[in-house]
Amino acid sequence: NKFYFSLFAYFCTIKSTSIHYRMTELKEKIIRQAKQMFWDYGLKRVGIDDICTELHISKKTFYTVFKTKNELIEEILKSVRIEKKQMEEIADNDNIIEYLISKTNTFRNKPRRDDEKFFQIHFDMKKYYSELFDKHCRLIKEDSEVNTLSILNMGIAQGLFRQDMDLTLTKKLISEIFSNMLEYSNTNKIPFIHMMDFCMDTMFRIVCNSKGLEYYNSINNKQ
């Protein structure tokens with residue numbers, strides 16, 4: 001009897017694991033498809049029916065994973081934050097000034113059409129999904145402060161940033177600047193990349209010591 005009970009428990013575990021795997025796989029497929037469609041057509045224009053049609057699944061299947069479109073969007077925003085964290089990971093041997101400039105250059109090299117789509121999604125989120133938008137912005141800001149503090153400490157350790165900074169105030173100031181950059185550039189009709197260049201330059205002039213500023217200027221002069 002013990003043998004059959006153990007065998008039954010074993011097969012139940014396998015079945016449960018298999019179902020969990022399939023559900024996870026389906027969830028990831030829905031998220032990938034929805035992200036692409038939201039990017040291509042906008043948040044407001046894409047509905048659950050459209051996503052199900054593209055994936056060849058029923059709405060009933062969709063609702064086994066996500067109860068509402070809002071829940072789907074919240075999960076997508078979570079994945080965006082995770083991807084952002086991974087992109088911002090810094091190797092211990094990275095020169096912090098070169099690292100930050102390379103991140104700016106990544107934005108600079110993006111097609112202008114991508115900026116327009118990004119702006120549209122940003123403002124659709126703010127207009128139609130304000131609660132999700134506010135929560136996302138708050139969590140991004142929290143992550144940004146943690147990342148900024150790590151950057152400041154690395155710059156100090158490399159002898160490129162000032163040691164006399166108030167780190168708590170500086171991280172909040174820098175996080176505030178970059179959190180509001182998109183909104184400010186759009187409201188004041190300033191090209192986003194110009195706004196980013198200005199913010200990055202301001203940040204370096206706040207945090208760099210004389211050695212860091214000299215190094216920053218030398219890289220700037222080559223570009």
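This is a predicted model: local features need pLDDT of at least 70, side-chain atom pairs count only at pLDDT 80 or more; totals for chains, interfaces and linings use all residues.

Biologist: Fine. Which helices each supply at least two residues of the lining of the largest pocket?

Modeller: Helix 1 (2-41), helix 4 (69-87), helix 5 (96-108), helix 6 (112-128), helix 7 (130-157), helix 8 (167-179), helix 9 (181-187) and helix 10 (192-207).

Biologist: And which one gives the largest share?

Modeller: Helix 7, with nine residues.

Biologist: How much space lies in that largest pocket?

Modeller: About 2,000 Å³. The pocket is lined by 47 residues, and those closest to its centre are V80, K84, F107, F118 and I140.

Biologist: What does the lining look like by class?

Modeller: The largest pocket has 26 nonpolar, ten polar and eleven charged residues in its lining.

Biologist: Changing topic. How many cavities of 30 Å³ or more does the structure hold?

Modeller: One. The space in the largest cavity is about 40 Å³.

Biologist: Which residues line the largest cavity?

Modeller: Its lining is made of E74, L77, R81, L132, K135, H136 and L139. By class, that is three nonpolar, one polar and three charged residues.

Biologist: Which helices do they come from?

Modeller: Helix 4 and helix 7 each supply at least two of the cavity's lining residues.

Note on methods. Residues are numbered from 1 along each chain as its sequence is written. Side-chain values use heavy atoms; hydrogens and water are left out. On a 1 Å grid over the protein atoms alone, a cavity is a set of points where a 1.4 Å probe fits but cannot get out, and a pocket is an open set with protein on both sides within 12 Å along at least five of seven lines; lining residues have an atom within 4 Å of a point. Grid points are joined across faces, edges and corners, and a volume is the space filled by probe spheres set on the points. Helices (H or I, at least four residues) and strands (E, at least two) are DSSP runs, numbered from the N terminus. Ala, Val, Leu, Ile, Met, Phe, Trp, Tyr, Cys and Pro count as nonpolar, Asp, Glu, Lys and Arg as charged, and the others, Gly among them, as polar.
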